[in-house]
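Take a look at the chain below.

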Amino acid sequence: MRLLKVATCNLNQWAMDFDCNLKHIKESITRAKEAGAVIRLGPELEITGYGCEDHFLELDTINHAWECLKEILLGDWTDGILCSIGMPIIKGSERYNCQVLCFNRKIVMIRPKMWLANDGNYRELRWFTTWKQKDQLVEFQLPPEISKALSQTSVPFGYGYIQFLDTAVAAETCEELFTPIPPHTELALNGVEVFLNASGSHHQLRKLDIRLRAFIGATHTRGGVYMYSNHQGCDGGRLYYDGCCCVVVNGEVVAQGSQFSLKDVEVVVAQADLDAVASLRGSISSFQEQASCKTKVSSVAVPYNICQPFNLKILLSSPQKIMYHSPEEEIAFGPGCWLWDYLRRSGASGFLLPLSGGADSSSVAAIVGCMCQLVVKEIGNGDEQVKADAIRIGNYTDGQFPTDSKEFAKRIFYTVYMGSENSSEATKMRAKVLADEIGSWHLDVCIDGVVSSLLSLFQTLTGKRPRYKVDGGSNVENLGLQNIQARIRMVLAFMLASLLPWVHNKRGFYLVLGSSNVDEALRGYLTKYDCSAADINPIGSISKQDLRKFLQWAADHLGYSSLAEIEAAPPTAELEPIRSNYSQLDEVDMGMTYEELSVYGRLRKIFCCGPVSMFKNLCYKWGARLTPLEVADKVKHFFKYYSINRHKMTVLTPSYHAESYSPEDNRFDLRQFLYNARWPYQFRKIDELVKELDGDKVAFKDSGDHEKLGATAGVGGMGVVAAASSDPKAGH
């Protein structure tokens, strides 16, 4: 037997905070060494933080990374342990995203990333260059101050692996695993048994299994010990890096870290028998044949043994059941942890939420309540950093600290019901009951006086006073009156957030939380600069359907039972007067259901459908219940309002990223915001297709259950794209 103990980790790094990041790296190495590990893997770009973005273009960022690495190497951190440390490096005139492999106070090898993440939320090619010389390792001249400090002038640089006396180890960085021909396939044929994947992977609902399946697949038929390390937390932007560091041996997960946590450092250790890897490879004839004619990969010899012989005192790690969270738990814990990182790092003293008593703002309130529960739980588990942060933010004195989530919420969470003459007693009461369950400091404000003053000012200026549609007003008047209420609430929310701490003799300021969901953003069903305009929004990339399921879950699992009644109530903005024969409803206002919006969103973003492609796919999907003409009308209606309202995405509140069809304009969904909303060419093409299809007749008369046909073997259905447009798991 060749017994090898390895350690990987989740680190909560903060972009450009080198002191914070270096502290976490050192702590993770210390814990790994205390556990007896001889390999320690850290996340991608861990010294600088992954989310530095254009700071990577600054020479200071590169220099500070070298300074931090020097501090690690001058101490005893790497004595007897191979440490893979992520940082940016400039070689010649190119900048590379690198894993620096260190052992016994020396740099053994520098491995630049060969395939960069450059879609969705990622723009690595903006800052880094891909390493293209796969055939050899080259010598890299270390910076003078590093060379002098380490008594080492150069180091092998490029694609290769480290050959110890008893095993071979190689790096494979994040995106490289997901390429059509990942490096580990070739490295395995060259005898590499241990793979180090340093990553910077963000959370997205229902996507963890894709990542884990990739690790499992990498070693299931090739054998190997696959180590994965990731960031965990908010490092300064919209993404939450969701940890889940793990170790996989021959296709079996033997160690797994948490996906969501308030911890700054989490180290996971596993003990593997490398003879099991050799045995698996030796039993597969095709592996032997391909290995015999492999392309040789360069290596760096390190004359040390890192494995232990057979010893019954050393227990081996066994396969374990993979831990997956339900989507409802992901919504609770992901945004909850993200909010905590943002709060403790922003210098704010708490949050303020306009709480309407509706599903969206109640979801945000529940997430803050969950955050408070997580903080109290982690303090109970002995986390001194969480405790110190909570004492500072909650302004505790005399040795006190949070022991009850409701009491903690009272200190750091304001909720405000801003009612008007159009608000109902039902929503007012729901908001109050939920605030009591969570423990927030709740205010009830009537905005009618401010609305009336503005309308009087408008009447003085113009001689006219707008009326609601139900009172005989035009659509323009009706919309204007709704927008006045919405924007007053935004102004009031920011005023209260800045001044209420002063009123209550507290330090600092409160962050205003937004509560618009991804479907409403996609449709533009929000007022520009209303309560959707906030400091941050934890649900801005979560669908209405997922939020409703979350409310049901939270009612049972978070102890906020009033959420069940909130979830059951029909969504309404309550911006128009309620009459016996009229009550404003969101889906009626939008002219489409939330379920339809999710379908449109997936087709538009995930499957890259323009109006014509969307029409064609929806003809298959809805062809059993809608005529082509009706499908055409729906597609045109969506694209009309999507394009009219696209400008709102340019000022969308920074939102937690969770959904693959998010229309967020900052980096994820880059499109114009001035459209010809008539789409004359595309809509004309749709009209021509409708005419060809005899558009006033249902296409699939004999199949009332047409939407399920795609899953029936041997039966013609709607196709992959149309079928997946209703699947919440669709997307990258």
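## Surface and burial

Accessible area here comes from the Shrake-Rupley method with a 1.4 Å probe. By that method, the chain exposes about 29,700 Å². Carbon and sulfur atoms supply 54% of this area. Keep in mind that this is a predicted model.

A residue is called buried when its relative accessible area is under 20%. Of the 732 residues, 58% count as buried.

## Overall build

The chain has 24 helices and 20 strands. Its C-alpha atoms fill a box of roughly 90 × 75 × 50 Å along the principal axes.

Now take contacts between residues at least 6 apart in sequence. Of these, 74% join residues at least 24 apart.

## Charges

The chain carries 77 positive and 85 negative charges.

Strand β3 covers residues 82-91. Nine of its ten residues are buried, so the rest of the structure largely encloses this strand.

Which way do β2 and β3 run? Strand β2 (residues 39-41) runs parallel to β3, and three bridges join them. R40 has C83 in β3 as its bridge partner.

Strand β4 (residues 94-103) runs antiparallel to β3, with nine bridges between them. Here I85 has V100 in β4 as its bridge partner. β3 and β4 form a hairpin with two residues between the strands. In that hairpin, G92 takes a positive phi near 65°.

Key
Residues are numbered from 1 along each chain as its sequence is written. This is a predicted model: local features need pLDDT of at least 70, side-chain atom pairs count only at pLDDT 80 or more; totals for chains, interfaces and linings use all residues. Side-chain values use heavy atoms; hydrogens and water are left out. Helices (H or I, at least four residues) and strands (E, at least two) are DSSP runs, numbered from the N terminus. Buried means under 20% relative accessible area, exposed over 50%, partly exposed in between (1.4 Å probe, protein chains only). Contact means heavy atoms within 4.5 Å. Lys and Arg count as positive and Asp and Glu as negative; His and the chain ends are not counted. The place of a charge is taken as NZ of Lys, CZ of Arg, CG of Asp or CD of Glu. Two strands pair if DSSP finds at least two bridges between them.
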